[in-house]
Amino acid sequence: IGIWGMGGSGKTTIAKFIYNQIHSRFPGKSFIENIRKVCETDGRGHAHLQEQLLTDVLKTKVKIHSVGMGTIMIEKRLSGKRVLIVLDDVNEIGQVEGLCGNCEWFGPGTVIIITTRDVGLLNTLKVDCVYEMEQMNENESLELFSWHAFDEAKPRKDFNELARSVVVYCGGLPLALRVLGSYLNNRRKN
């Protein structure tokens, strides 16, 4: 399953919700967050992610010394197992290949969820289902912002015009609405 949309559109939130709803049905499971960031900042990025996947699914600490070794271990140790895997914020096909390689590695009933900003990546992987995140409309955006800025569903009357300007500025992105709303909480108008 692919979930795609702009940064801050709620892809990770949706993936976490799905994971939390169904994870108990799987003997093996792993939720790997911020893959793009880990691969950019950690010199062992791919091997570190492979360790996390194996450790989560096998429920025992696994040490991986190279990406090639990790790929072989994942194929052999997870072969035929029914697992739930979430790969969050994927931006390169190699990240998926290094963690999940070939869908035939896993047992029937396995679910792999990939969140990404790149729909082309999902098309290349030929995922079974792609969900496109929709931007929030103005009323939904105003309500989300208001909960974070004013601790209620609507802005206070004296802040109405300013709140609507912030909502337009955020362009329907939930992360931006939450961050700005929280930052402006309990502040004066000026």
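## How helices H3 and H4 pack

In this predicted model, helix H3, which spans residues 45-58, packs with helix H4, residues 67-77, at an angle of about 20°, and their axes lie 9 Å apart. Because angles under 35 degrees count as roughly parallel, that angle makes H3 roughly parallel to H4. The crossing in which H3 passes H4 is left-handed.

On the H3 side, the contact is formed by His46, Ala47, Gln50, Leu53, Leu54 and Leu58, which meet Val67, Gly70, Thr71, Met73, Ile74 and Arg77 of H4. Sorted by class, the residues of this contact between H3 and H4 comprise 7 nonpolar, 4 polar and 1 charged.

## The largest pocket

The largest pocket holds about 450 Å³ of space. Its lining consists of 18 residues, and those that lie nearest the centre are Ile1, Cys103, Ile112, Val127 and Asp128. Helix H5 (93-100) and strand E4 (111-116) are the elements that give two or more residues to this lining, and E4 gives the most, with 3 residues. By class, the lining of the largest pocket divides into 11 nonpolar, 5 polar and 2 charged residues.

## The second largest pocket

In the second largest pocket there is about 300 Å³ of space. This pocket is lined by 15 residues, of which Gly8, Gly10, Lys11, Thr12 and Leu175 are the closest to its centre. The elements that give two or more residues to its lining are helix H1 (11-22), strand E3 (83-90) and helix H9 (174-184), with H1 supplying the largest share, 3 residues. The lining of the second largest pocket has 1 nonpolar, 7 polar and 7 charged residues.

Technical notes: Residues are numbered from 1 along each chain as its sequence is written. This is a predicted model: local features need pLDDT of at least 70, side-chain atom pairs count only at pLDDT 80 or more; totals for chains, interfaces and linings use all residues. Side-chain values use heavy atoms; hydrogens and water are left out. Axes are lines fitted to C-alpha atoms, for helices over the stretch in contact, and angles run from 0 to 180 degrees between N-to-C directions. Helices (H or I, at least four residues) and strands (E, at least two) are DSSP runs, numbered from the N terminus. Angles under 35 degrees count as roughly parallel, over 145 as roughly antiparallel, 65 to 115 as roughly perpendicular and the rest as oblique. A crossing is left-handed if the near helix is turned anticlockwise from the far one by less than a right angle, and right-handed if clockwise. Contact means heavy atoms within 4.5 Å. Ala, Val, Leu, Ile, Met, Phe, Trp, Tyr, Cys and Pro count as nonpolar, Asp, Glu, Lys and Arg as charged, and the others, Gly among them, as polar. On a 1 Å grid over the protein atoms alone, a cavity is a set of points where a 1.4 Å probe fits but cannot get out, and a pocket is an open set with protein on both sides within 12 Å along at least five of seven lines; lining residues have an atom within 4 Å of a point. Grid points are joined across faces, edges and corners, and a volume is the space filled by probe spheres set on the points.
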